[in-house]
2 protein chains.
Amino acid sequence: MWTESSEVAWNKRYGEEAPRIDPVHAQFMLHRSVRHFAEDLLSKETVQSLIACAQSASTSSNLQLYSIISVADPGRRAQLAELCANQAHVLRAPLFLAFFADHYRVKQAGTAVGEQCSGLDYNEFYTMAVIDASLAAERLVCAAEASGLGVCYIGALRNNPQGVADFFELPPGVVGLFGLCVGVPAINKDASLKPRIGQSSVYFEEKYRSSGLGDYDLRMSNFYDQEGMKGDVTWSMRSGRRVGESFLTGREALLPFLHKQGMDSR
Amino acid sequence: MWTESSEVAWNKRYGEEAPRIDPVHAQFMLHRSVRHFAEDLLSKETVQSLIACAQSASTSSNLQLYSIISVADPGRRAQLAELCANQAHVLRAPLFLAFFADHYRVKQAGTAVGEQCSGLDYNEFYTMAVIDASLAAERLVCAAEASGLGVCYIGALRNNPQGVADFFELPPGVVGLFGLCVGVPAINKDASLKPRIGQSSVYFEEKYRSSGLGDYDLRMSNFYDQEGMKGDVTWSMRSGRRVGESFLTGREALLPFLHKQGMDSR
């Protein structure tokens, strides 16, 4: 779908010359969030095929601790957009999928055959479910992009955990993690490849090394300028503020909600 | 790498005839865990390229809340295998990567410019970091598989959170999530495609529906038989037992360790 070579992708990610790269990796380096879509709906077969890709991801002990729900009804899409910080692409994406950590299914199955399932309230099984759901989602995303579709993750699905639970009629043991907008990208709305922190600050050999950010603040300031965002800000300033308490936008309710669902309490 | 068609993959996953599938999706349906590798090491360029794929995954607000560490030293690989339930493939995989949820990097950067970063102890930012790390890992896995490599995730990296922290010399705000064995699959050790729960039990439209497991217990019993595993057990029995307290294998220490690291405490 995107046409840059892996060398160009590398240069945009890291602001430096690329090493010799396996050309088959290029398609995986070219991800960018797509928020403007053509109107084409996806066929039922395409959705089934994408779900099969999601379900083909690794899942710890084959427990499959996640569920996926699509929202197509226009009235419900409008309600959902309101729950997700009023993002227009939640309203307009041809396909919207929500991903959930799900302990309910395995607990139903296990208790039906006399098992206690008494470990599910440990953080371990919350962590496992979040990993399972995320692996499934990203495999679906890679498959979608390989077939010419674009996507945008919606973390704002966590802004109102109880509202989302009511909206989807979630049973105990289930919590919304993120949404995913999927569709054919609109022409002439090509999103930019975003620079990433240099590899030496994210990838280490043998042991953790704290190695600062290199030139990343500078590269991101240039990127903000180029994209018409406020250029007087660095990644450090933006991100430091983003992880402050005042930007939780409702997500401070996540842990109390998890406890209510019987998750992550010990 | 794997040669089944998407129709064959669908049939093995779901035990039924495939619908019309986009052939480009086949490679994403064919994942299976690989635990036996040829001895070929991966070149430095291949590893760099895979890390670039990982870093090209979506990351919430571009915060990039994860780190990746490779372990190559044979003595350290042996220690690590001990920490990970003595799995032989941890010892023998040509490349071993560990994935971490990482609040440390953003906190260092944010506090250096005078930000408080006071939200990081909320569950929200733990959840965000687990999602970030998992999306990065699965994009790397899809890229690796596309270029002929095989992988196996190692959840046992969570069996001893403090031991893993000591091993990698982790600072506060960092926790090990899972490992990943990567390499060229050994010939004649072809792992089987594992059946998954039917789509109607995992994927819903509009609202959560509890719809049982369909024929999954039966399909998995047949699979266990075929693989020479104990056939007198169903997925429900196996999984119900697996989520009991007696199978936590050290992972009950995860939440106390997270609290110690300043994570997931409110």
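Predicted model: local features only at pLDDT ≥ 70, side-chain atom pairs only at ≥ 80, totals over all residues.
The interface involves 119 residues of chain A in contact with 119 residues of chain B, and the two chains bury about 10,400 Å² between them. Chain A superposes on chain B by a rotation of 180° with 0.0 Å of shift along its axis.

**Symmetry of the two chains**

- The superposition of chain A on chain B gives an RMSD of 0.0 Å, with a rotation of 180° and a shift of 0.0 Å along the axis, and that is the relation of a two-fold axis.
- The same surface serves both copies, since 100% of the contact residues of chain A recur in chain B.

**Extent and make-up of the interface**

- Of the area of about 10,400 Å² that chain A and chain B bury between them, 57% is on carbon and sulfur atoms.
- Across this interface the rule finds 80 residue pairs in polar contact, counting pairs in which both residues have pLDDT 80 or more.

**Strand pairing between chains**

**Salt bridges**

- The search of the whole structure finds 26 salt bridges over all chains, and across the interface of chain A and chain B the rule finds 16.
- One salt bridge between the chains brings together the side chains of A:Lys207 and B:Glu169, with an N to O distance of 2.9 Å.
- Inside chain A, A:Arg32 forms a salt bridge with A:Glu4, and their closest N and O atoms are 3.1 Å apart.
- Because A:Arg32 lies in the loop between α2 (26-29) and α3 (44-55) of chain A, while A:Glu4 lies in the segment before α1 (6-14), this pair ties together parts that are 28 residues apart in sequence.

**Surroundings of A:Asp121**

- A:Asp121 is located in the loop between α6 (104-112) and α7 of chain A.
- Leaving aside neighbours within four places in sequence, A:Asp121 is in contact with A:Gly262, A:Met263, A:Asp264, A:Ser265 and A:Arg266.
- A:Gly244 is 123 residues from A:Asp121 along the chain, and the C-alpha atoms of these two residues are separated by 28 Å.

Methods: Residues numbered from 1 in each chain as written. Chains lettered and ligands numbered in written order. Heavy atoms only, no water. Contact = heavy atoms within 4.5 Å. Buried area = accessible area lost by both parts, 1.4 Å probe. Salt bridge = Lys/Arg side-chain N within 4 Å of Asp/Glu carboxyl O. Polar contact = N/O pair within 3.5 Å; in protein donor to acceptor, adjacent residues only side chain to side chain. Least-squares fit on C-alpha atoms with pLDDT ≥ 70 in both. Helix = DSSP H or I, 4+ residues; strand = E, 2+ residues; numbered from the N terminus.
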